[in-house]
Amino acid sequence: MLMQNSYKQGFSMSEQSQPITLAKKCFTPVYRWLPGLLLTGVLTALAIYIGDIPWFSSMGLGALTLAILFGIIVGNTFYPVAKPYSDEGVKFAKHYLLRTGIILYGFRLTFQQIADVGATGLIIDAIMLISTFLIAMWIGRKYFGLDEQTVILIGAGSSICGAAAVMATEPVVKAQASQVAVAVSTVVIFGTIGIFLYPWFYHLNAFSGWLPFTEETFGIFSGSTIHEVAQVVAVGHSISPDAENAAVISKMIRVMMLAPFLIILSTYLSKKKSKANNGVQATEKSPITIPWFAVFFILMAGFNSLNLIPASIVSYIVTIDTILLAMAMVALGLTTHISAIRQAGVKPLLLALFLFFWLTLGGAMINIFIQTVLMS
């Protein structure tokens, strides 16, 4: 029975409801990925080509930003027709190519650069995670009247790493599929808005001089406040290499806080359930998801710090990494539908909007304060 269930999980819901033909049985996983990977590859090539045009690059529209933009356009127009054939490949790109791209991103960095972000990034990330999640719990329950599972999922997604944090938190809170879908929709919506808002704000601030942000400190700000890893990479890439490096390092520190967050949340919910059951401890334990790709990212950066690989080979690795990340951006865009706004409903959307304002405005003030204190 266990083998049968595992076999069924490899197919979509529509495939499970139909007789499985002999030809479909013979399809290898790679065969099923090809249409989606081909689609993301074509859009990635277009994004890289246009991103190299000086006018687009001067407007902050780099390859990664264009990749997600093309993905959103195609995802809400032509993609529904191709989805039955491309869905598995797109999901593969969104999940595995993104994580592979982040791991290979370590070849762009060294431990010296990580040390430069160091304590500042760690403190800022911790403050932003704790404050955002606590605000979500307070506002979501008291003023929006949302159920605890939805509030926790939206709070985790906004405070840590977007959809990945939502999916990792789901088994801990034992949420329903509809609650997960709502939370993922909200964090993807506002994280995507951040991709276009943050570069615009950076260039406006550079012109006006309102806030004391450098490329590196703005990268730390981006990494500590934007929802998804992919979105952070896109924002940093559209500004400068220094901003991108600082943003990714800051974000990866934040991502690695996911594991302790889940352990603390699981302990809290366990104690709460125990009190509700008059002190009887629950025997069922929720699994903890560890973001291993973040660990490998640090290992690759450490290996790159040793300068054992020739610069020419590292350059090739960086090019491959850009392609993988762009394909992941396209996949993220293809799965971001305008209808998600309607499906999310008003209250979860308002909660996510409130958290988005806190992340951008409150996050900017916290970043400037911490960076000023530590650098003075």
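Lys-174 lies in the loop between helix H10 (163-173) and helix H11 (177-208), where helices are DSSP runs of H or I with at least four residues, numbered from the N terminus. This is a predicted model, in which local features need pLDDT of at least 70, side-chain atom pairs count only at pLDDT 80 or more, and totals for chains, interfaces and linings use all residues. Residues are numbered from 1 along each chain as its sequence is written, and side-chain values use heavy atoms, with hydrogens and water left out.

**Loop residues with positive phi**

- Most residues other than glycine have a negative phi.
- Lys-174 has a positive phi, near 55°, and is partly exposed at a relative accessible area of 42% (buried is under 20%, exposed over 50%, partly exposed in between, with a 1.4 Å probe and protein chains only).
- Asn-307, in the loop between helix H16 (292-305) and helix H17 (311-334), also has a positive phi, of about 55°, and is exposed, with a relative accessible area of 64%.

- Helix H12 spans residues 215-225 and is mostly covered, since nine of its 11 residues are buried, among them Phe-218, Ile-220 and Phe-221.
- Glu-216 belongs to helix H12 and is partly exposed, with a relative accessible area of 34%.
- Asp-116, Glu-215, Glu-216 and Asp-242 gather in a patch of negative charge on the surface, a patch being made of residues with over 30% relative accessible area and no salt bridge, with like charges joined within 9 Å.
- A salt bridge here would be a side-chain nitrogen of Lys or Arg within 4 Å of a carboxyl oxygen of Asp or Glu.

Terms used: Helices (H or I, at least four residues) and strands (E, at least two) are DSSP runs, numbered from the N terminus. Patches are made of residues with over 30% relative accessible area and no salt bridge: like charges are joined within 9 Å, nonpolar side chains (Val, Leu, Ile, Met, Phe, Trp, Tyr) within 5 Å. Accessible areas come from the Shrake-Rupley method with a 1.4 Å probe; for residues, only the protein chains shown count as cover. Lys and Arg count as positive and Asp and Glu as negative; His and the chain ends are not counted. The place of a charge is taken as NZ of Lys, CZ of Arg, CG of Asp or CD of Glu.
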